[in-house]
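Reader: I have a structure to go through and I'm new to this. Can we take it step by step?

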Amino acid sequence: MMATILVLAVVYCVILLSLVFSVIERKQNLLAVKDLSSQVSALETRYANEVTNINDAVLSAHSFSRIENTTFAVRKDPIASFSLLYTH
């Protein structure tokens, strides 16, 4: 009887410690997710700023040229932005 109680007490302690460590690990994971989410948000903002800075002068400085009357690309308006063209 005492051996059974001792074994059950050890099993209880193992389960209790397992729960405590899993809660600690979950909280650490939540903090890591928050940190990564803020990093992703900062990168998205930076990307949006870089896309906004793209204009005809930047494109011509990198040796891109405008092609008129093409069938592979459609541009509705010369001043239309990327988001205006592809949000539909």
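Author: We will go through the overall fold, the confidence, a surface patch and one backbone angle.

Reader: How many helices and strands are there?

Author: This is a predicted model, and its protein chain has three helices and zero strands. The pattern along the sequence is α-α-α.

Reader: What's the average pLDDT?

Author: The protein chain averages 85, and 77% of the residues score at least 70.

Reader: OK, surface. How much of the chain is buried?

Author: Of its 88 residues, 2% count as buried. The accessible surface comes to about 8500 Å², with 66% of that belonging to carbon and sulfur atoms.

Reader: Which residues make the nonpolar surface patch?

Author: Y12, L16, L17, V20, F21 and I24 make it, and the patch covers about 600 Å².

Reader: Switching topic: what is the phi of S63?

Author: S63 has a positive phi of about 65°, although it is not a glycine.

Reader: Why point that out?

Author: Because most residues other than glycine have a negative phi.

Reader: Where is S63, and is it buried or exposed?

Author: S63 is in the loop between helix 2 (56-61) and helix 3. With a relative accessible area of 69%, S63 is exposed.

Technical notes
Residues numbered from 1 in each chain as written. Predicted model: local features only at pLDDT ≥ 70, side-chain atom pairs only at ≥ 80, totals over all residues. Heavy atoms only, no water. Patch = residues over 30% accessible without salt bridge, like charges linked within 9 Å, V, L, I, M, F, W, Y side chains within 5 Å. Areas by Shrake-Rupley, 256 points an atom, 1.4 Å probe, with all protein chains shown as cover. Salt bridge = Lys/Arg side-chain N within 4 Å of Asp/Glu carboxyl O. Helix = DSSP H or I, 4+ residues; strand = E, 2+ residues; numbered from the N terminus. Buried < 20%, exposed > 50% of the residue type's maximum accessible area, 1.4 Å probe, protein only. pLDDT = per-residue confidence, 0-100.
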